[in-house]
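Hi,

Here is the structure I said I would pass on. Have a look first, and then read my notes below.

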Amino acid sequence: MANSPPIRKANGTDNLSSPADDPVLSPLKEAEKSYEQIAQSWAEQIEAANSKAKQAEKGKKQLKDKVAALQEQVDIAREKAAIQREKASRLASCLKDVHLSLFDGNIYSHILKACLTATGGTRGLYITARSTSGTVENLKVRAAVDVDGYPQSPPSEFIVALCRKALDERDTVVCNQGDISGVPEPKKPGEQFYNCAVAPVVLLKNLDGIVIVADKVQGDFDEEDVETLLSVGDQAAVAVENIRLQRELQSAYLATVSMLADAVEAKDPYTHGHCEMVSRYCRRTADRMAMDDQSRSIVCYAALLHDVGKIGVSDGVLNKPGPLLPEERELVRAHVRVGHDLINRVPALGPIADVVLHHHEWYDGTGYPDGLKGDDIPLAARIVGVVDAYCAMTTKRSYKEAYNDADARQELERCAGTQFDPEVVKAFIEMLDSPDAEDPDSDTDAECGVLPGFGHIRELQQATL
């Protein structure tokens, strides 16, 4: 059918229905609106999702940053823990050495080492002080680490001033800027510390001295370092008390034998001080020959007691001005067996007895009492034999005048290889020519050390520390 022309309205417009009324377009328009609403809803949802995603990404980044920060803190904590473990291990080892110094007499060095280890200091001094009539005096450097001239030299004006400041303030003096008010400038380059801590040391409720720790590499000395120094002092006090008890026990053992040695000297005025001289020279010769602590102790005590058997020899024979008869000579020779039997009854002196027995053996095998030869003679006995002969030659006796030093040395060298061990003679003469021959220090720490029979105590302590 032919299309009819559009109907014109009176105003000239086309006679078309509005979309809302159009039966075809109306549903499409509604669908369009619906789609627009759906699209708008989706756009809002997408925008909300994007916003949430951005927030989630931001939260994720924040969480990641927080985790990284926590990880960094954990790493730092682990590093610090590792450092503290290492420090604690070193300190425990040092404190163990402090307690074991009961046996080597070097407690001041071990205390100083423990203080340096605990605080991180690299140099330091331990200075003892004695209190008399309310004042502190007699400052003496007992141990030093990397401070030039010490412990041999007396404390300088600077070191004394540091000690006085700590003692006057009765507190630890800490300096992290390189200078301390009221203390003169150090004159020695080795005493120029860029930081230091100076602490009074109280052992067994009594002032013992001052410890100086200096030149801490990592950071400054702080309150924790001060507390650590006090802790080391507490440990040291225990060690000092152990040393005191050990010395009392040693003294109790030695008193019985020393009384006999004194009785011998009372019988023979020519031997007064002889045993102490032999002991000192033997100890120094043992050092020269690099003997271990136990062997050195045996030599030292054996020398001190080598003539104790003369208690069984009559005064008339000991002090006879002329030559001895064969029977009298045999009585004198018997003193080594008498001394051996006396000493062997004291458990702590057991290892010394054989040295006393054999110190008159000759290197060529012609000595007494058993005719031992060469290395079959205990080294300690060979040392005592050389030193005893030298000291006997250089002192006046009832039967002879004293030799001078040169003649006594010449006689030792002449008899090396027959009566004496040549290596011992060489070491002894080298010792005489060194500063070691002089021993003005009467400190017990410089003497014979732990009794040989006390070695098992050290083994027990090492096993428990």
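Predicted model: local features only at pLDDT ≥ 70, side-chain atom pairs only at ≥ 80, totals over all residues.

Which residue forms a salt bridge with arginine 382? The partner is aspartate 375, and their closest N and O atoms are 3.4 Å apart. A salt bridge here means a side-chain nitrogen of Lys or Arg within 4 Å of a carboxyl oxygen of Asp or Glu.

Residues are numbered from 1 along each chain as its sequence is written, and side-chain values use heavy atoms, leaving out hydrogens and water.

Back to that pair. Arginine 382 is buried, at 13% relative accessible area, while aspartate 375 is exposed at 63%. (Buried is under 20% relative accessible area, exposed is over 50%, and partly exposed is in between, using a 1.4 Å probe and protein chains only.) Asp375 and Arg382 also belong to a salt-bridge network with Asp421.

Searching the whole structure turns up 10 salt bridges. One of them joins aspartate 370 and arginine 337, at 2.9 Å from N to O. Aspartate 370 sits in the loop between helix H10 (350–358) and H11, and arginine 337 in helix H9 (residues 335–344), so this pair ties together parts 33 residues apart in sequence. (Helices are DSSP runs of H or I with at least four residues, numbered from the N terminus.)

As for H11 itself, 14 of its 15 residues are buried, so the rest of the structure largely encloses this helix.

Cheers

Methods: Helix = DSSP H or I, 4+ residues; strand = E, 2+ residues; numbered from the N terminus.
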